[in-house]
Amino acid sequence: MNAGLNLILAASAALFAVGAFAVIARRSAVLMLIGTQFMFIAGCVAFVAFARFGLGAGNATSGAAVAIFAGATAVAELAVGLAMAALIYREHRSLAIDADRG
Amino acid sequence: MPLIGALPQPITSAPLVIVIYAVVLLMLASALASVVLRNTLYAIGAFAATMVLVALLYLTIAPFLLFAAQLLVFTTVSAALLVGLLRQTAGLESTQEPFSREWIVGAAVAAALLALLIVVIATTSWPIRATTNAATGFGATLTNTYVVGLAVVVVILASAALGSGLLLAAPTLPSGRERDRARGSRR
């Protein structure tokens with residue numbers, strides 16, 4: 001039994017699927033943003049796995065560097081998305097993204 | 001040194017492998033819980049737990065600095081932002097019924113995506129190459145090779161934090177319904 005590239009990539013794919021489910025199935029803006037975070041993190045995990053197990057560039061730290069940048073971008077996207085959700089709540093008194101449908 | 005063809009050295013140490021499997025399983029379980037739970041506060045708790053478990057996964061396969069950034073910056077900021085939004089709102093309970101049409105469609109699409117990714121992962125014979133020790137030189141990589149990217153990330157993060165703070169602190173404008181109500185009472 002060992003832990004290699006395939007295990008981490010499978011975990012990353014499963015995390016990505018969970019995020020996709022949240023984005024498609026949930027109507028709450030908060031849960032949809034959480035889903036996008038999971039999709040971002042899945043990408044980061046895949047980058048780190050490729051760097052750790054040998055598919056990265058000659059510099060093995062590049063995968064971790066990309067993960068840092070993607071994580072920061074995800075947090076920035078979350079900040080802007082949550083601010084928009086707060087404004088939607090002020091307008092409609094609901095965090096549901098289809099609150100304006102009648 | 002041959003670059004292509006060298007073994008990638010998967011982790012074989014039994015305790016570490018068990019830890020990695022446990023962390024991966026717990027991470028997926030808490031991620032699933034966070035998107036399924038009806039109470040938003042619990043969902044945010046499960047999300048924070050997932051982020052911590054991702055940090056633990058990084059600890060086993062990535063440089064320590066990435067673990068620290070994931071745990072101290074990304075997890076903390078994300079959870080604080082989500083809890084901050086909850087303090088501004090009162091939407092703790094979801095009004096969406098479980099196993100509604102959206103849930104079935106979402107689950108089907110997610111399952112199809114997962115199946116596609118698993119097939120690609122399982123059938124691809126990844127090219128492999130020997131790597132250097134990832135723990136050394138990570139800070140130097142960030143500050144030398146990616147100095148412009150790092151500066152851009154700092155600007156993006158600062159702008160996002162400032163912008164969201166300004167949006168949240170802005171005076172509340174009357175909503176469309178409130179305007180209509182005010183007009184109606186004037187008549």
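In chain A, residues 24 or more positions apart account for 50% of the contacts with a separation of 6 or more, where two residues are in contact if their C-beta atoms, placed from the backbone, lie within 7 Å. This is a predicted model, in which local features need pLDDT of at least 70 and side-chain atom pairs count only at pLDDT 80 or more, while totals for chains, interfaces and linings use all residues. Residues are numbered from 1 along each chain as its sequence is written, and chains are lettered from A and ligands numbered from 1 in the order in which they are written.

Chain A holds three helices and zero strands, in the sequence pattern α-α-α; helices (H or I, at least four residues) and strands (E, at least two) are DSSP runs numbered from the N terminus. Of its 102 residues, 68% count as buried, a term that requires 20 or more other C-beta atoms within 10 Å of the residue's own, with 12 or fewer making a residue exposed and values in between making it partly exposed, again with C-beta atoms placed from the backbone. Buried residues make up 23% of the 187 residues in chain B, and among its contacts between residues at least 6 apart in sequence, 61% join residues at least 24 apart.

Within chain A, helices H2(A) and H3(A) pack at an angle of about 175° with their axes 9 Å apart, the axes being lines fitted to C-alpha atoms, for helices over the stretch in contact, and the angles running from 0 to 180 degrees between N-to-C directions. H2(A) and H3(A) are therefore roughly antiparallel to each other, since angles over 145 degrees count as roughly antiparallel, those under 35 as roughly parallel, 65 to 115 as roughly perpendicular and the rest as oblique. The contact of H2(A) with H3(A) has 18 nonpolar, seven polar and two charged residues, where Ala, Val, Leu, Ile, Met, Phe, Trp, Tyr, Cys and Pro count as nonpolar, Asp, Glu, Lys and Arg as charged, and the others, Gly among them, as polar.

Gly35(A) is found in helix H2 of chain A and counts as buried because it has 26 C-beta neighbours inside 10 Å. Although Gly35(A) and Ala20(A) are 15 residues apart in sequence, their C-alpha atoms are 6.4 Å apart in space. Leaving aside residues up to four places away in sequence, Gly35(A) touches Gly19(A), Ala22(A), Val23(A), Arg26(A) and, from the other chain, Val35(B).

The contact between the chains takes 76 residues from chain B and 69 residues from chain A. On the side of chain B that touches chain A, H4(B) gives the most, with 12 residues, and by class that side has 52 nonpolar, 22 polar and two charged residues.
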